Amino acid sequence: MAVYPASLEAPHDVTENPMSATTSTFQVTGMTCGHCEMSVREEVSEIPGVQNVDVSHETGSLVVSSEHQLEDAAVLAAVTEAGYSATRA
Ligand SMILES: [Cu+2]
């Protein structure tokens, strides 16, 4: 499990439903077009357990659906790998 600084709000607005995928939302900075979205989607899709990636360069939102709770660090690292930076939304 990831450890969060005490100064941050609890990171989960995750809907815990055992019958459906877990969804995590992140805020990505630096994306300017559809190609940026594609880069982020490709990298994040490679994380084991990821089922769906929704990303918008207009809002900077990144919504990751997965079969189990992902490590935030894995998603943030994938976004960094794509060339952008993200924070947990
Ligand atoms: Cu772009």
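Biologist: Which residues of helix H2 are buried?
Modeller: This is a predicted model: local features need pLDDT of at least 70, side-chain atom pairs count only at pLDDT 80 or more, and totals for chains, interfaces and linings use all residues. Residues are numbered from 1 along each chain as its sequence is written. Helices are DSSP runs of H or I with at least four residues, strands are runs of E with at least two, and both are numbered from the N terminus. A residue is buried if 20 or more other C-beta atoms (placed from the backbone) lie within 10 Å of its own, exposed if 12 or fewer do, and partly exposed in between; in H2 (residues 72-82) the buried ones are Val75, Ala78, Val79 and Ala82.

Biologist: Within what arc do the buried residues of H2 fall?
Modeller: The arc is that of the directions from the helix axis to the C-beta atoms. The buried residues of H2 line one face of the helix, because seen down its axis they fall within an arc of 100°.

Biologist: Which exposed residues does the face turned away carry?
Modeller: The buried side of H2 is covered by elements including S1, helix H1 (34-45), S3 and S4. The face turned away from that side carries Ala73 and Thr80.

Biologist: How many bridges join S1 to strand S4?
Modeller: Two strands pair if DSSP finds at least two bridges between them. S1 (residues 22-29) runs antiparallel to S3, with 6 bridges, and serine 24 stands opposite valine 64 in S3. S1 also runs antiparallel to S4 (residues 85-88), where threonine 29 faces serine 85. The number of bridges joining S1 to S4 is 4.

Biologist: Why does serine 66 count as buried?
Modeller: Serine 66 lies in strand S3 (residues 61-66). Leaving aside neighbours within four places in sequence, its contacts (C-beta atoms, placed from the backbone, within 7 Å) are Ala21, Thr22, Gly49, Val50 and Gln51. Serine 66 counts as buried because its C-beta neighbours inside 10 Å number 20.

Technical notes: Contact = placed C-beta atoms within 7 Å.
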